[in-house]
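Morning, everyone. Please bring up the model on your screens, and we'll walk through it together.

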Amino acid sequence: MRALSAALALLGLLVACGGDAGTRCGPDTGRVAEVIDGDTVLLEGGERIRYLLADTPESTAGRHDCFGQEALAFNRSLVEGRRVTLVDAEACEDRFGRRLAYVTVDGHDVSALLVERGFACVLHVPPAGDSRRVEFEALEFQARRARRGLWGACSPVPCSR
């Protein structure tokens with residue numbers, strides 16, 4: 001019974017990522033060539049990565065939302081030029097063709113840091129991030145209550161909800 005449960009769980013993950021046995025959404029590491037904004041990076045080789053469960057204020061394409069530049073600068077300080085680890089979740093891409101992943105640098109989850117420190121709101125677009133949604137919502141609640149980052153600096157808060 002335990003083997004059947006494990007096989008079904010694996011099948012569910014594979015279907016979510018659209019892959020066959022042994023495949024993932026992409027490589028599990030990469031070097032960040034460019035930080036596009038607070039929640040999107042470009043890896044060497046051209047793959048665009050959108051952080052899961054974090055939505056920072058806009059700071060590109062002529063938009064300059066409250067706290068967008070701060071989120072961009074924080075993201076840049078964390079990952080630009082650095083080797084990162086990518087962990088896939090329930091969906092491989094967003095509607096813009098960007099790979100969705102949890103990005104880790106030096107053992108720190110970048111999405112969690114962005115939310116916890118008030119640089120980002122939680123953005124959950126099912127099924128991407130289903131498994132960690134509650135965790136991230138708790139981090140956002142704590143940042144709101146402490147009025148960290150955009151929660152203390154912006155009125156209204158520039159979140160896409």
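How do the residues of the lining of the largest pocket divide into nonpolar, polar and charged? They divide into 12 nonpolar, 2 polar and 9 charged. Here Ala, Val, Leu, Ile, Met, Phe, Trp, Tyr, Cys and Pro count as nonpolar, Asp, Glu, Lys and Arg as charged, and the others, Gly among them, as polar.

A word on ground rules. This is a predicted model: local features need pLDDT of at least 70, side-chain atom pairs count only at pLDDT 80 or more, and totals for chains, interfaces and linings use all residues. Residues are numbered from 1 along each chain as its sequence is written, and side-chain values use heavy atoms, with hydrogens and water left out.

Back to the pocket. About 470 Å³ of space lies in the largest pocket. Of the 23 residues that line the largest pocket, R50, D94, R98, L123 and V125 are the closest to its centre. A pocket is an open set of points on a 1 Å grid over the protein atoms alone, where a 1.4 Å probe fits, with protein on both sides within 12 Å along at least five of seven lines; lining residues have an atom within 4 Å of a point. The volume is the space filled by probe spheres set on the points, which are joined across faces, edges and corners.

Next, helix α2, residues 68-79. Helices are DSSP runs of H or I, at least four residues, and strands are runs of E, at least two, numbered from the N terminus. Which residues of α2 are buried? They are G68, A71, L72, F74, N75, L78 and V79. Seen down the axis of α2, these fall within an arc of 165°, so they line one face of the helix. That arc is taken from the directions from the helix axis to the C-beta atoms. Buried means under 20% relative accessible area, exposed over 50%, partly exposed in between (1.4 Å probe, protein chains only).

Now the loop between β3 and α2. S59 lies there. S59 is buried, at 8% relative accessible area. L53 is in that loop too. Its phi is near 65°, a positive value in a residue other than glycine. Is L53 buried or exposed? L53 is buried, at 2%.

R147 also has a positive phi, about 55°, and is not a glycine. R147 sits in the loop between α4 and α5. At 55% relative accessibility, R147 counts as exposed.

Last, two cis peptide bonds. One runs from P126 to P127, with omega near 5°. Another runs from S155 to P156, with omega near 0°.

Key
The expected span of a helix is 1.5 Å times one less than its number of residues.
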